[in-house]
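Student: I would like to learn how to read a protein model, one feature after another. Could we go through one together?
Tutor: Gladly; here it is.

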Amino acid sequence: MSEVRPSGGHAPAEPAAASDGNVRVFVSGSVAVLRLDRRRKLNALSTHMESALADALETEEVRSSRCVVLTGGSDVFSAGADLSEIAALDPAAVFEYYARSGGVYEKLASLRQPSVSAISGYCLGGGLELALATDLRVADESATFGFPEVGIGIVPSSGGIYRLVTMLGTAKARELILGRPRLSAADALRLGLLTEVTPVGESLDRALALAGELAHLPPLATSLAKRAIDAAAESSKAVALFVEQLAYASLQQRPQLAVPEGDGRT
Ligand code: COA
């Protein structure tokens, strides 16, 4: 697997506080692998890390890939939002944040190609929100999941509540967000948050194998299926059915444009 440095260059010469860390981009065939690289802070998602992830998603390697794998490395996925940053925010700064780096969760969720999270160790708060923004999630038995936010006086707010409710329903969302249990990989699989659980140390290999299979699917059908699933979760039944039908019809369409004779102006 070869590594590519995102053009944004988020690698300060002297890493400090919330501005350290990076997102590394690797390529394996037609799969792009993005690795959160802030191990010292358990891959806490500072605005710097979110911007680095947004830059990584814009690289040619990701754009031209047929599947994206997101990992935090072999022992932690992410311990969530960077707590040292969020303490200082006032309401205006929060909205400014969503207009800037906070948009990366939706950027990931709206990739046209499929995405898979490979999870080991802590996957908490914003880290779990990031994982929920990918299409599939593979975790190894070392993984721990949870939403600690309410306990520290905030709420999940990077699409986590919305995605949890659409995936599991309001009853389970209340249980996880208000009850704040720490879930093992087996618990998370049972609830429906995970696609698969592997032995410790094997989540990335399994995610790559899965990504290799997804990368061979017809790209337009895959992309339209993703959009139709989103529409089904977000709109009325009538609209959702219409989107399904439009998606199917557009896949059946063959080029039908008649090429005009001459220059077409007569
Ligand atoms: N934001 C910023 N820094 C974080 C962080 C976060 N969310 N989570 C961990 N870190 C930092 C710690 O401050 C520590 O830095 P230091 O070595 O410079 O002091 C380093 O990462 C290691 O964390 P530490 O707490 O020593 O590891 P641990 O194994 O004892 O505990 C956790 C791991 C995940 C249980 C604990 O770090 C934790 O509870 N983190 C916060 C989780 C959270 O509330 N996330 C949701 C935010 S919305």
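Predicted model: local features only at pLDDT ≥ 70, side-chain atom pairs only at ≥ 80, totals over all residues.

Tutor: Let us start with a term: helices (H or I, at least four residues) and strands (E, at least two) are DSSP runs, numbered from the N terminus.

Student: Which secondary structure does the protein chain come to?
Tutor: The protein chain comes to 12 helices and 10 strands. Of its 266 residues, 39% count as buried. Among contacts with a separation of 6 or more, 71% join residues 24 or more positions apart.

Student: Is Asn-43 buried or exposed?
Tutor: Here you count neighbours: a residue is buried if 20 or more other C-beta atoms lie within 10 Å of its own, exposed if 12 or fewer, and partly exposed in between. Asn-43 has 30 C-beta neighbours inside 10 Å, so it counts as buried. Leu-42 has 18 other C-beta atoms within 10 Å and is therefore partly exposed.

Student: How many residues of α1 are buried?
Tutor: Eight of the 11 are buried, so α1 is largely enclosed by the rest of the structure. Among the buried residues are His-48, Glu-50, Leu-53 and Leu-57. Their cover includes β2 (22–28), β3, α2 (60–63) and α5.

Student: How are two packed helices described?
Tutor: By the angle between their axes and the distance between the axes. In this model, helix α7 (residues 160–168) and helix α8 (residues 170–179) pack at an angle of about 135 degrees, with their axes 7 Å apart. Angles over 145 degrees would count as roughly antiparallel, and 65 to 115 as roughly perpendicular; α7 and α8 are therefore oblique to each other. The crossing of α7 past α8 is right-handed.

Student: Which residues make the contact between α7 and α8?
Tutor: From α7 come Ile-161, Leu-164, Val-165 and Leu-168, and from α8 Thr-170, Lys-172, Ala-173, Leu-176 and Ile-177. By class, the residues of this contact are seven nonpolar, one polar and one charged.

Student: Which residues come nearest to the ligand?
Tutor: Of the 16 residues around the ligand, Ala-44, Ala-79, Gly-80, Ala-81 and Gly-125 come nearest. The shell has nine nonpolar, four polar and three charged residues. Both α3 (83–86) and β6 (122–124) supply at least two of the residues in that shell.

Student: And where is Glu-3?
Tutor: Glu-3 sits in strand β1 (residues 2–4). It has 11 C-beta neighbours inside 10 Å, so it counts as exposed. Beyond its neighbours within four places in sequence, Glu-3 is in contact with Arg-24, Val-25 and Phe-26. Glu-3 and Arg-24 are 21 residues apart in sequence, and their C-alpha atoms are 7.2 Å apart.

Student: What separates Arg-112 and Pro-219?
Tutor: Along the chain they are 107 residues apart, and their C-alpha atoms are separated by 8.4 Å. Arg-112 lies in the loop between α5 (104–109) and β5 (115–119). Arg-112 is partly exposed, with 13 other C-beta atoms within 10 Å.

Note on methods: Residues numbered from 1 in each chain as written. Near = placed C-beta within 6 Å. Nonpolar A, V, L, I, M, F, W, Y, C, P; charged D, E, K, R; others polar. Axes fitted to C-alpha atoms, helices over the stretch in contact; angles between N-to-C directions. Parallel < 35°, antiparallel > 145°, perpendicular 65-115°, else oblique. Left-handed = near helix turned anticlockwise from the far one by under 90°. Contact = placed C-beta atoms within 7 Å.
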